[in-house]
Amino acid sequence: MKYNEKELIALACEGGSDKEGLLYKKGGQKGQSYQPRWFRLKGNLLFYFKANDKGAMASSEPQGAIVLEKCLVKKYEHQSRRYCFSLGFDDDDSSRLYHLACLSARERDAWMSAIQKASYEHLRLCMKDLQDQLIKLTGRDPMEAFQEDFRPDFSPRIKRSTISKESAQNSRTNFVFSSAAPTSDMPAMEIAMACVSLPKNESGNPPSTSVTVQAVNPAFKSRWFTITETDTIESKCDPEYFSCLAIETGHEMTFTTQLKFVVKDQSCDRESPSVIGEARCLIKDVARVVQTKDGKLKLPITKEGVGHNLGELVIIGYQSGAPSRSPSIVDIIGTPKRSSLKYTISVQVTSSFLSFRPIQDRAIVAQYRFPARAKAALKVIEEMRESLFTCSVPIAYLQMLCNIEHQRTIDLYELGQLSDLWEMWRKDLLRSHFTLIGEYEQLVNDFKKYKGPYFKRSSSKKDKDFEFLATNLHVQIMTVLPHGRGESTYHRVTFGAPVAHARGFKHGGLKKILADSKSSFSVISAAEEDSVPHKIYGTLDRIEEIGKCVAEGEKQILKAVANYQTGLLDPVMTQLSSQVQQLMQICRTDPTKSALNGLKTALTRRNCVISSELASAQSQRSDWTWNGSEYVQISSAWCLDPVLESLTAQLTHCLSALDDVSSKIHQSFPRSTSVWHQTRTGSPVMSIRDSLMRKYGGRNQATESTWAARLLPAMRNLVRSMEGLSQIAIRSLKFHLLELDGRAGSETLHNVKIRRDIVVSQALSALVTSFQCTLSAKIHDLDFCRQLAEIGFLVCFESLLNLQGNEKGMLEDFFVAVRELTNFAFVLVESDSEQMTHSSVVFKGSRSFALIQIGLTQGSFNLLPSSLKRRQQIKIVPILFNQAVIPQQFHDLSSNSQLQEEINTEGLTKLSKYLNDYRKAVSKISAQSSLAIPSLVEQLSRAQTLFQNQKSRNVDFLAKIEQLCRRLNGGYLTSCKSAKDRTGMAVTYEQCLILGSEHDLLPGVFQGALNAMRSRGTRLENCNKNIGARKYAFTSLQLKMTPKQYVPPEGTYGRAKIQQ
């Protein structure tokens, strides 16, 4: 065997091993004695080292290594040693025989077992045994998936979407991509089932039955394996099953494939139901049914040992994707006509239903056929897709936070030398900032290297390595195809509540932590609008805006000088005067006034400089500062007040001088230059430039020097004075933030900051997902795009958290996370990519306000109105509602509901305000949209009435909010602790409400449709993705106090062991 000696030594010396300890080794030659050696087992390599007299490893490098392949381990006895065993090989080479001895029989048996299990051959045999067991249980070889590119799937498991450039170019929009074409010539089929004349059970009652569908392909000599199982129909001898089966042909599905339908009675025991009988047919029989006019196939139900039929199984077949037949199963089997419901679990989905592929992945799909009032079945496609923003948004957000922390360290350094107390605070805060930068940069690197699925299981919500990722984030899409009408698509986002699970709730959630603290935190800027940090950040933003306005004014002055345009001076001077007055007012009032007083106290007498951006190399020394007109050296008796007063006086003087110069220029050159631009179109009016050039004999004479000599020095002094005053105000305000953070304590601030960043990161992932889905669905609607520009994007968060224990702390985290989203805004830009992807999201800004830059393809970007193309900010209007619908055991939901009432009251107020803004906006945007305003106002009034009448467990209140948000073109997100159980109940209930209100679903089958979605739809599969079991985690005691709308069907709930 060839090997690299250095690499082998390095492997032997690395930490960690499968087993190691002291053994006594004797070589294969005669006369050799047993010597103590330290053995270390790593994989299929057994290393041995020298050992000292005390039995410890004495050397750092191994003496030898044994490759444990095709080895034979045997016990044997020796005269001088007990508990011996030999290690040889099956090549009959006696020189390769090792004699080893232990100190006890137990230790010998442990070493022999570890060595026997270490070889690759042993692992291969174990895998083969497990493979045989799986084939015995499922009838399929699990390794075939790795041997061939395509294998059909018969259950709604995770299926990765296929995306290609060709399919993207042929799709309807830039956001819709078609799936791979079927590989078989035989079309996909769907079949629905019903039973006729089933016998009564032993108790004399009609049975509660379900049908298990199994398949086998004789050509592959495989065993029967289960495809799917229908829902259970209670107490009927002629049941009509809501569940149907979608069949596709492929490598294992041929015309000779057999289907077996096992009818089971679950009246007595749902865990071990009794078998009534079974019916069989071939795939070709089903294919023949699809081609017939009535599409009906009747199969007798038989049972071994029973000489007569036990009823009849009726199958109706149709091509997948074909229009629904108007006759129902009940019409075909000849029983009295009743409301029928057909449901399909589908594997193949056509391109119309695979929306948003570039930003979503790994779909679970279900199909249903529900009866409507128009005597035609509604075909409903239900999809649940993972969001690719689960990782990409936290990466982009953490990168922005690293930049923010780095800038904060610079701000702290630039404050100059401070007195002892503030200097101690600064050092503690700097240490905290550097620690946070290191942690966040490490997280970014780890997330970038991550190559797994875009999905965080609910069982991982307490994992600190993934706490910035949203839990169980999915996009739920429902597409409805009414007979003879166009399709309608509805989507929502589901995710676990944005909560810092790993940080615990010993002191409550973020809202309570902030309320209990006696100090304000600079990191939380939107929690309280009247807080000092909020005012400081607002003042800093205002100073920045003033600086931009002054810079623009300076450009306008230079333009006037260059083009001799006196008409530009009046508006520029008016604007500059306004900005100067605002800046001086900011410095005279709080919070700047308080900040200046605090900074004056904290600065030491020897070094109290506030450096200016305009400082020259000489003036960068710590004992120089700008006093408004020049740089002066600071004496030991220097004080901040005279400098501030000097700057304010200088600013007033500069503004007066600039205004005086402007007036004199107007007197010298009274004619407006606005007519200059008309000379290019042939206007006879002569330009001021021509007039001035004739008057002064050309451009190079006295005119230019006169303008420049009068305007530029005054303007330069004004700009310098404003910059000096701005720098003092900015540094003072940043010092005030240092003071707030220092009083709070660096450790407390560090914990609050991380907790805030965690919950905001999770909320942002869900927000961006919802915005992208809404934008992609409505980008062709010009009125919607104008609505975004006018009043912003409405996003409603539906929370189902309880009000006791840890879940109350979770709700407090959720509350702050949603409020913090008001500090963000969307900006749409054109991307170089040919398709919109999850990596086209960039964050720019600070914790007080940040822009979320979304990249669109060229085709999509061209659909936007001009205002959004110019990067107009899209305001975010986040609203939170909560209803504690399913209680924890032994808790009463009516108690301690103050937080819930506060959240819902605030939410209704914000929603009412957004509706008023929408009413004003649509009057300008669309007359047709204005017609819907009265009904929207009425819906809001109904929601308010529902809230006032019942403030606890009011699921209809949430349903009204969802309907109103949808009609306002907003995004809707549903959350509970893990987005699994309660979220599944809410999603399915509101989907059925949509089918009833928008698509005429028959009222008599509402509960049946609800049970079908919950028992065979995507939400039960969501439970399987998270915990490895298709069970909603509810107890019977909980369901007794749960609203009936949120009670799952029998057999779909209970305690399940979580599979890691």
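Glu 405 is found in helix α8. Helices here are DSSP runs of H or I with at least four residues, strands are runs of E with at least two, and both are numbered from the N terminus. The model is predicted: local features need pLDDT of at least 70, side-chain atom pairs count only at pLDDT 80 or more, and totals for chains, interfaces and linings use all residues. Residues are numbered from 1 along each chain as its sequence is written, and side-chain values use heavy atoms, with hydrogens and water left out.

Glu 405 has a relative accessible area of 1% and is therefore buried. Buried means under 20% relative accessible area, exposed means over 50%, and partly exposed lies in between (1.4 Å probe, protein chains only). Two polar contacts involve the side chain of Glu 405. One joins Glu 405 to the side chain of His 433 at 2.5 Å. Another joins Glu 405 to the side chain of Arg 847 at 2.6 Å. A polar contact is a pair of N or O atoms within 3.5 Å; within protein, one must be able to donate a hydrogen and the other to accept it, and residues adjacent in sequence count only if both atoms are side-chain atoms. Neighbours within four places in sequence aside, Glu 405 is in contact (heavy atoms within 4.5 Å) with His 433, Leu 436, Ile 437, Lys 753 and Arg 847.

Glu 405 also belongs to a network of salt bridges, together with Lys 753, Arg 756, Asp 757, Glu 820 and Arg 847. A salt bridge is a side-chain nitrogen of Lys or Arg within 4 Å of a carboxyl oxygen of Asp or Glu. Within this group, Glu 820 and Arg 756 form a salt bridge, with their closest N and O atoms 2.8 Å apart. This pair links distant parts of the chain: Glu 820 is in helix α19 (residues 805-820) and Arg 756 in helix α17 (residues 746-778), 64 residues apart. Glu 820 counts as buried because its relative accessibility is 0%. Arg 756 is buried too, with a relative accessible area of 0%.

The whole structure contains 33 salt bridges. One of them joins the side chains of Asp 411 and Lys 734, at 3.0 Å from N to O. Asp 411 lies in helix α8 (residues 389-413) and Lys 734 in helix α16 (residues 702-744), 323 residues apart, so this pair too links distant parts of the chain. Asp 411 and Lys 734 are both buried. A further salt bridge, between Lys 913 and Asp 917, has its closest N and O atoms 3.4 Å apart. Both residues lie in helix α22 (residues 898-925), 4 residues apart, about one turn of the helix. Asp 917 is partly exposed, with a relative accessible area of 22%.

Four of them form an open antiparallel sheet in the order β10-β9-β12-β13. Its edge strands, β10 (225-229) and β13 (274-282), each pair on one side only. Two strands pair if DSSP finds at least two bridges between them. Strand β9 (residues 209-216) is joined to β10 by 4 bridges. Gln 214 has Thr 226 in β10 as its bridge partner.

Overall, the protein has 29 helices and 28 strands. Of its 1060 residues, 52% count as buried. Among contacts with a separation of 6 or more, 71% are between residues 24 or more positions apart.
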